[in-house]
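I opened this entry to record what I looked up in the model, going from the whole chain to single residues.

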Amino acid sequence: MERGPHRELVIALLATLCTAFLVYAAGLRFVLLSFILYAPATFLFVKARREQKRRLFSPVEAVVCAVSIAGAVVGVIALVVGWIEL
């Protein structure tokens, strides 16, 4: 296969499908728990960006941050209420 945008697109699509399957296979419990673990890393990301005097979030990063924070909130609620267990 030739190098170029088509090859990169195929690799990106395969990687996306693989990741989607892994999220499905992990189940909602582990996805919510991973959101809880990743949420504090957002503060480190913001701190690093400020130290570098860079823009905090691109539009895509802002969406990913909002989804991960929302997932972390749902995960904490699910733990407290007993929907999921450790």
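My notes on the overall form come before those on single residues.

I am working with a predicted model, in which local features need pLDDT of at least 70 and side-chain atom pairs count only at pLDDT 80 or more, while totals for chains, interfaces and linings use all residues. Residues are numbered from 1 along each chain as its sequence is written, and side-chain values use heavy atoms, with hydrogens and water left out.

I looked up the secondary structure and found two helices and zero strands (DSSP runs, H or I of at least four residues for helices and E of at least two for strands, numbered from the N terminus). The radius of gyration is 17 Å, well over the 12 Å of the globule rule for 86 residues, so the protein chain is more spread out than a compact globule (taken over C-alpha atoms, the rule being 2.2 Å times the number of residues to the power 0.38). I noted that the C-alpha atoms fill a box of roughly 55 × 40 × 15 Å along the principal axes.

I then checked burial, and buried residues make up 16% of the 86 residues (buried is under 20% relative accessible area, exposed over 50%, partly exposed in between, with a 1.4 Å probe and protein chains only). Arg 49, in helix H1 (residues 5-51), counts as buried at 11% relative accessibility.

Lys 53, in the loop between H1 and H2, is exposed at 75%, and I noted its phi near 55°, a positive value in a residue other than glycine. Trp 83, in the segment after helix H2 (59-81), is also exposed, with a relative accessible area of 64%.
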